[in-house]
Amino acid sequence: MERAFEMRRRAVENGDQPYGAVIVRQGRIVGEGVSAVVTANDPTAHAEMQAIRDAAQRLGTRDLSGCEMYGTARACPMCEAGAYWARIARMYHGASIADAGAPRLP
């Protein structure tokens with residue numbers, strides 16, 4: 001979660017919204033994302049979506065089974081749906097590392 005908050009700080013420094021996310025598999029970060037909604041003029045560039053894209057590219061697969069997502073805030077419906085379709089096993093959010101469970105289609 002510490003790295004997700006690092007990504008959040010980076011997003012703010014870049015002039016974007018204060019969100020960060022990471023994807024972890026077997027205790028290793030395999031994807032990172034900062035919010036780029038403002039800087040990229042892309043309404044889908046939420047930190048969670050960026051982290052999913054990064055993990056899929058790094059791992060060479062869209063199937064992120066066995067991965068967990070850590071985000072600085074609870075995932076919005078779009079990001080939760082993305083995590084669902086990527087088959088992310090579990091999501092956690094916030095400084096208290098609240099367990100949001102397995103992603104569901106909203």
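User: Leaving out residues up to four places away in sequence, which residues does Val 38 touch?

Analyst: This is a predicted model, where local features need pLDDT of at least 70, side-chain atom pairs count only at pLDDT 80 or more, and totals for chains, interfaces and linings use all residues. Residues are numbered from 1 along each chain as its sequence is written, and side-chain values use heavy atoms, with hydrogens and water left out. Contact here means heavy atoms within 4.5 Å. With residues up to four places away in sequence set aside, Val 38 touches Gly 15, Asp 16 and Gln 17.

User: Where is Val 38 placed?

Analyst: Helices (H or I, at least four residues) and strands (E, at least two) are DSSP runs, numbered from the N terminus. Val 38 sits in the loop between strand E2 (28-34) and H2.

User: How far is Val 38 from Ala 11 in space, C-alpha to C-alpha?

Analyst: In sequence, Val 38 and Ala 11 are 27 residues apart. In space, their C-alpha to C-alpha distance is 9.8 Å.

User: Is Asp 54 buried or exposed?

Analyst: Buried means under 20% relative accessible area, exposed over 50%, and partly exposed in between, with a 1.4 Å probe and protein chains only. Asp 54 belongs to helix H2 and touches Val 30, Gly 31 and Glu 32, not counting residues up to four places away in sequence. Its relative accessibility is 18%, so Asp 54 counts as buried.

User: How much space lies in the largest cavity?

Analyst: On a 1 Å grid over the protein atoms alone, a cavity is a set of points where a 1.4 Å probe fits but cannot get out, and lining residues have an atom within 4 Å of a point. Grid points are joined across faces, edges and corners, and a volume is the space filled by probe spheres set on the points. The count is 1 cavity of 30 Å³ or more. The space in the largest cavity is about 40 Å³.

User: Which element gives the largest share of that cavity's lining?

Analyst: The lining includes Glu 48, Met 69, Arg 74 and His 93. E3 and strand E4 (90-93) are the elements that give two or more residues to this lining. The largest share, 3 residues, comes from E4.

User: Why do Tyr 70 and Tyr 92 count as stacked?

Analyst: Rings of Phe, Tyr and Trp (its six-membered ring) pair if their centres lie within 6.5 Å; planes under 30 degrees apart count as stacked, over 60 as edge-to-face and the rest as tilted. The ring centres of Tyr 70 and Tyr 92 are 5.0 Å apart and their planes are at 15°, so the pair is stacked.

User: How many residues apart in sequence are the parts tied together by Tyr 70 and Tyr 92?

Analyst: Tyr 70 counts as buried at 16% relative accessibility, and Tyr 92 counts as buried at 16% too. Tyr 70 lies in strand E3 and Tyr 92 in strand E4, so the pair ties together parts whose separation in sequence is 22 residues.

Note on methods
1 Å grid on protein atoms, 1.4 Å probe; cavity = no way out; pocket = protein on both sides within 12 Å on 5 of 7 lines; lining within 4 Å.
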